[in-house]
Amino acid sequence: MNNKFQPSSFYTTRPSNDGNGVQFWNNPERSGWLMKQGEYFKTWRRRWFVLKQGRIFWFKDNYLSPSSKPRGVILVGNCLTVKGAEDVLNKQYAFELSTSKETMYFIADTDKEKEDWINSVGRSIVRHSKSITDEEVLDYDSRSAS
């Protein structure tokens, strides 16, 4: 039987290595507030997200230092798509991040922030995918510009 409160394999919560040496507190590719659903109870919570070196970290607050502990980490290399999800959630500025097994939803504060996150995560997916060519990277960048 499928337990709806089973932890997701999409991401790692409370990682023991806190990001495998990634200095998430310093010069992120993108950072900002997003709403995300809880892992067990699907209530929406505001979290500070940081995209850096193929990982998306999230925290309870935006004051980060080397001693900060991420609440979770998403390995971008495991992700297949990132796209708008306003029609799926019926919520403005929503987007989704999907693997072959599951989908995680987020809500930004503005349409521009949503688009910026989609573009940044999309580029990171392409960069960290294991079977991608340089030509496909250029293709993705030109598609996201339109």
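In which sense do strand 2 and strand 3 pair, and over how many bridges? Strand 2 (residues 30-37) runs antiparallel to strand 3 (residues 44-52), and the two are paired over 8 bridges. Keep in mind that this is a predicted model, where local features need pLDDT of at least 70, side-chain atom pairs count only at pLDDT 80 or more, and totals for chains, interfaces and linings use all residues. Residues are numbered from 1 along each chain as its sequence is written, and side-chain values use heavy atoms, with hydrogens and water left out.

**Strands around strand 2**

- Strands here are DSSP runs of E with at least two residues, helices are runs of H or I with at least four, and both are numbered from the N terminus.
- Two strands count as paired if DSSP finds at least two bridges between them.
- To get from strand 2 to strand 3, follow a hairpin of 6 residues.
- Across this pairing, Trp33 sits opposite Trp48 of strand 3.
- Strand 2 has another antiparallel partner in strand 8 (residues 103-107), with 2 bridges.
- Lys36 has Phe106 in strand 8 as its bridge partner.

**A salt bridge between strands**

- Side chains of opposite charge can pair when their charged atoms come close.
- The structure has 7 salt bridges, each one a side-chain nitrogen of Lys or Arg within 4 Å of a carboxyl oxygen of Asp or Glu.
- One of them joins Lys83 and Glu96, at 4.0 Å from N to O.
- That pair ties together distant parts of the chain, with Lys83 in strand 6 (residues 81-84) and Glu96 in strand 7 (residues 94-98), 13 residues apart.
- For accessibility, buried means under 20% relative accessible area, exposed means over 50%, and partly exposed is in between (1.4 Å probe, protein chains only).
- Lys83 is partly exposed at 44%, whereas Glu96 is buried at 8%.

- Asp111 and Lys114 form a salt bridge through their side chains, at 3.7 Å from N to O.
- Both belong to helix 2 (residues 111-128), and they are about one helical turn from each other because they are 3 residues apart.
- Asp111 is partly exposed, with 39% relative accessible area, while Lys114 is buried at 5%.
- Lys112 makes a salt bridge with Asp116, and their closest N and O atoms are 2.8 Å apart.
- Lys112 and Asp116 are 4 residues apart in helix 2, again about one turn.
- Lys112 is exposed, with a relative accessible area of 57%.
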